[in-house]
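Dear colleague,

I am passing on the structure we spoke about, placed just below. My notes on what was found in it follow, and I would be glad if you read them beside the model.

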Amino acid sequence: MRTLPAKVQTAVHVATLARKAGLPIPAKVLPVLEEAAAPWPAEWLLAPLPGDPIRVVELFAGPGGWSEGIAAVLGVAVDSCGVDISPDACATARAAGHRRICADITTLDPEHIALRHTAAVIISPPCPTFSPGGKLSGLELGNIQILGDAIAYVGETAGFIPTDWHHSDYDDGECECDPDAPDGKGCHGDGFAPRSGATWDEVREMAAGVSDPRIALMLEVAIWPIALQAAGAPIRWMAMEQSSNLPEEIISDLTIEFQCAE
């Protein structure tokens, strides 16, 4: 897990004391927090206090479908921050009261220190390459293979592959790790292989050969929740929205990664 520089640790301590006293973050430390947390909310560097809503990262958040649904339909309070590449979508969401970062998701670090208290991830990657309403390039075998190979490397990059297991050994869609194994080789024991050493940008580059760059965005579905958990975030759940036409091979590859990372 990454650690905060001493100056930022001091700012977090001062801000946390203020929050516990029911006061706003002091102006003298707010710039330090904002710089360290950017582009994420400055207050996300602070641990949640008892009773605080869970922190949710929304990717491909658009104008606010998930955000509005959680608040208006479910009536659930969450501390959410969405990311979308469209300035218009972000402006619409902000006008409705939802927090947005206007950025290309693939340029962001899923292990950013400000995300270490994230509890949930919502991901809605573009669907035209899989949907009958599009050109269905996501269903081409070559694209499925490229995307699947990249997804299969996420667990190794994050350090969630047991030492005695590799994707090439199994084709039944199940992770062969045993969380109750007495020899410590369960999914949270000492029996994990070391992280591969690859960066998330390098993992993303593995999917660069697809015929439509939107297909590669499905890789983020695996990267973000698993990378966040690898960085120490207490991920409770993740939700994905995608066309029902998503190939079974991709669903299987995602399932394997999520099972191994629990």
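This is a predicted model: local features need pLDDT of at least 70, side-chain atom pairs count only at pLDDT 80 or more; totals for chains, interfaces and linings use all residues.

Residues are numbered from 1 along each chain as its sequence is written, and side-chain values use heavy atoms, with hydrogens and water left out.

A231 sits in the loop that runs between helix 9 and strand 5 (237–240); helices (H or I, at least four residues) and strands (E, at least two) are DSSP runs, numbered from the N terminus. Although 229 residues separate A231 from R2 in sequence, their C-alpha atoms are 7.2 Å apart in space. Also just after helix 9, G232 adopts a positive phi of about 105°.

Helix 9 itself covers residues 219–230, and its twelve residues reach 16 Å from the first C-alpha to the last, close to the 16 Å expected at 1.5 Å a residue (the expected span is 1.5 Å times one less than the number of residues). Eleven of those twelve residues are buried, so helix 9 is largely enclosed by the rest of the structure; the buried residues include W224, E220 and Q229.

**R100 and the cysteines**

R100 belongs to strand 3 (residues 100–102). R100 is buried yet has no salt bridge, and the nearest side chain of opposite charge, that of E58, is 4.3 Å away; a salt bridge is a side-chain nitrogen of Lys or Arg within 4 Å of a carboxyl oxygen of Asp or Glu, with Lys and Arg counted as positive, Asp and Glu as negative, and His and the chain ends not counted. A polar atom of the R100 side chain does lie 3.5 Å from the backbone oxygen of A61. Beyond its neighbours within four places in sequence, R100 is in contact (heavy atoms within 4.5 Å) with residues including E58, A61, S67 and C90.

The structure holds zero disulfides, a disulfide being a pair of cysteine sulfur atoms within 2.5 Å. C90 is in no disulfide, and the nearest cysteine sulfur belongs to C102; at 3.9 Å, the two sulfurs are too far apart for a bond. C90 counts as buried because its relative accessibility is 0%, whereas C102, at 38%, counts as partly exposed.

With best wishes

Terms used:
Buried means under 20% relative accessible area, exposed over 50%, partly exposed in between (1.4 Å probe, protein chains only). A polar contact is a pair of N or O atoms within 3.5 Å; within protein, one must be able to donate a hydrogen and the other to accept it, and residues adjacent in sequence count only if both atoms are side-chain atoms.
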